[in-house]
Amino acid sequence: MHLLDGFFRSPSVEPLFSDTATVQSILDFEAALARAQSRAGIISESAATTIASCCRVEQIDLQPLAQAMPSAGNLAIPLLKQLNAIVARKSPDASRYVHFGATSQDALDTGLVLQLRSAVRAVESNIASITNSLVGLTDTHRKTILVARTWLQHALPTTFGYITAGWLDAFLQHSERLDSLLQRALVLQFGGAAGTLAALGDRGPKIAQLLAEVGL
């Protein structure tokens, strides 16, 4: 049923969770991982550049990706198979380092976090626009008298500006909550196959730091 869809999604947010946006967010993780590993000296700069240049959704065939996903168990496995093939055509050596040290869950979870970050920023922009409108509306109608109601019946007088000030307060609180969400909840997932980053040796924590601070 699509008649009520407008109540539960926003035109500014919906494109951020399309098929292409979802695939691109995973590819963004892979590109960032390669750049972080290059900065740490694990792979060459040329390999990282080659991998990053291939991490574009336009180069991915989505139809076979969708067909392969159910048997693979997640989206990352068939996507990485395609990405490896694309990179290998440019540089067989660089293809050895695609997804190096990571696991599917790292790519999927961090990709989703990137989408959520974009969505929160889009919602924040919408809230800022609404807040600015309510500030003007409240100031304009701070002395505009109207009849208050209780149980749908006339009650004591109030002002329209007083009512909109309540709406304004709610949106200011929403803005604070979203800002707090960006600070606390949007975190990097990067643990490798067993969650210990063992494939990266003692440089695992450094790669994670670079990935979070610089790569993304």
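Two strands count as paired if DSSP finds at least two bridges between them. Helices (H or I, at least four residues) and strands (E, at least two) are DSSP runs, numbered from the N terminus. The model is predicted: local features need pLDDT of at least 70, side-chain atom pairs count only at pLDDT 80 or more, and totals for chains, interfaces and linings use all residues. Residues are numbered from 1 along each chain as its sequence is written, and side-chain values use heavy atoms, with hydrogens and water left out.

By these rules, strands β1 and β2 run antiparallel and are joined by 5 bridges. They form a hairpin with 2 residues between them. In the turn, W151 has a positive phi of about 55°. Across the pair, L146 stands opposite T158 in β2.

| Strand | Residues |
|---|---|
| β1 | 145-150 |
| β2 | 153-159 |

The protein chain holds 8 helices and 2 strands, in the sequence order α-α-α-α-α-α-β-β-α-α.

The radius of gyration, taken over C-alpha atoms, is 24 Å for the protein chain, while a compact globule of 216 residues would have one near 17 Å (globule rule: 2.2 Å times the number of residues to the power 0.38). The C-alpha trace spans about 75 × 40 × 30 Å along its principal axes.

Of the 216 residues, 36% are buried, meaning under 20% relative accessible area with a 1.4 Å probe, protein chains only. Contacts are heavy atoms within 4.5 Å; of those between residues at least 6 apart in sequence, 68% join residues at least 24 apart.

How values were computed: Buried < 20%, exposed > 50% of the residue type's maximum accessible area, 1.4 Å probe, protein only.
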